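Trainee: I would like to learn how to read a protein model one feature at a time. Could we go through one together?

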Amino acid sequence: RKRSFDLEKGYDSDFKTCIKDSTVGNIRYTGEVKEKMQMAEQYTKDLSEIVDTNPALTNGEIVHTVNHSGNKIHLAHMATKGAHKNEIIAIKNFSDNAYQSYGIEFPAGKWVEIMNSDDKKYAGSGEFSNSHRILNSNRPSKHFIKMNGNSVLYFKKVN
């Protein structure tokens, strides 16, 4: 079959060729865009690993949720039962507002930040990173965290 090259458009206008050239797998990103795409891919891989290694996110029950609707902050505490208990707290900021010191009530225990979508390695600003900090208390207590707008934090209970 003869291919048609469209001089006006500057590319091969054959339908099959156009479809093939426009598929996502054929896009060639360069420079800063390529770097951002790689960072987004790393975020997806790291998040998948967290989901795969924490049964609270796949088979757990929601222990409780908190919705700070005025600030558009939502917290979900998920846990599994049994001898190998796994607990995760996910905090999502649905607003464009950044918070330098936002009070969140954590259950008793030792909680470690395991992921922050604002981390520089995920193309975030990095200025709101909690540096994988540890939150520790013998009783439920309020801890103050930093959160960028439209970001997600994941904490895991480690004891």
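Mentor: Start with G103, which sits in strand β6, residues 99-106. Keep in mind that this is a predicted model.

Trainee: Is G103 buried or exposed?

Mentor: Burial is judged from relative accessible area, and buried means under 20%. G103 has 18%, so the residue counts as buried.

Trainee: Which residues is G103 in contact with, apart from its neighbours within four places in sequence?

Mentor: They are H68, K142, H143 and F144. Take K142 as a case: 39 residues separate G103 and K142 along the chain, yet their C-alpha atoms are 5.8 Å apart.

Trainee: What share of the contacts in the protein chain with a separation of 6 or more joins residues 24 or more positions apart?

Mentor: The share is 55%.

Trainee: How many helices and strands are there in the chain, and in what order do they run?

Mentor: There are two helices and ten strands. Read from the N terminus, the order is β-β-α-α-β-β-β-β-β-β-β-β. The chain has 159 residues, and 35% of them are buried.

Trainee: How do I read a helix, for instance α2?

Mentor: Begin with the general idea. An α-helix has 3.6 residues a turn, so residues three or four places apart point the same way. Now the case: α2 covers residues 31-53. Its 23 residues reach 33 Å from the first C-alpha to the last, close to the 33 Å expected at 1.5 Å a residue.

Trainee: Which residues of α2 are buried, and what do they pack against?

Mentor: The buried residues are M39, D46 and I50. They pack against strand β7, which spans residues 109-116.

Trainee: How is empty space found in a model?

Mentor: Rolling a probe the size of a water molecule over the atoms shows where empty space is left. In this model, the largest pocket holds about 180 Å³ of space. It is lined by 13 residues, and the closest to its centre are D46, I50, I114, M115 and Y122.

Trainee: Which elements supply at least two residues each to that lining?

Mentor: Helix α2 and strand β7 do. The most comes from α2, with four residues. Sorted by class, the lining has four nonpolar, four polar and five charged residues.

Trainee: Which other residue has a positive phi although it is not a glycine?

Mentor: N150, with a phi of about 50 degrees. N150 belongs to the loop between β9 (141-147) and β10 (152-157).

Trainee: Why do A123 and N150 both count as partly exposed?

Mentor: Partly exposed lies between the buried limit of 20% and the exposed limit of 50%. A123 is at 32% relative accessibility, so it falls in that range. N150, at 44%, therefore falls there too.

Trainee: Where is G70, and how exposed is it?

Mentor: G70 is in the loop between β3 (61-68) and β4 (73-79). Its relative accessibility is 72%, so G70 counts as exposed. The C-alpha atom of G70 is 9.7 Å from that of S95, which is 25 residues away along the chain.

Definitions and conventions. Residues are numbered from 1 along each chain as its sequence is written. This is a predicted model: local features need pLDDT of at least 70, side-chain atom pairs count only at pLDDT 80 or more; totals for chains, interfaces and linings use all residues. Side-chain values use heavy atoms; hydrogens and water are left out. On a 1 Å grid over the protein atoms alone, a cavity is a set of points where a 1.4 Å probe fits but cannot get out, and a pocket is an open set with protein on both sides within 12 Å along at least five of seven lines; lining residues have an atom within 4 Å of a point. Grid points are joined across faces, edges and corners, and a volume is the space filled by probe spheres set on the points. Ala, Val, Leu, Ile, Met, Phe, Trp, Tyr, Cys and Pro count as nonpolar, Asp, Glu, Lys and Arg as charged, and the others, Gly among them, as polar. The expected span of a helix is 1.5 Å times one less than its number of residues. Buried means under 20% relative accessible area, exposed over 50%, partly exposed in between (1.4 Å probe, protein chains only). Contact means heavy atoms within 4.5 Å.
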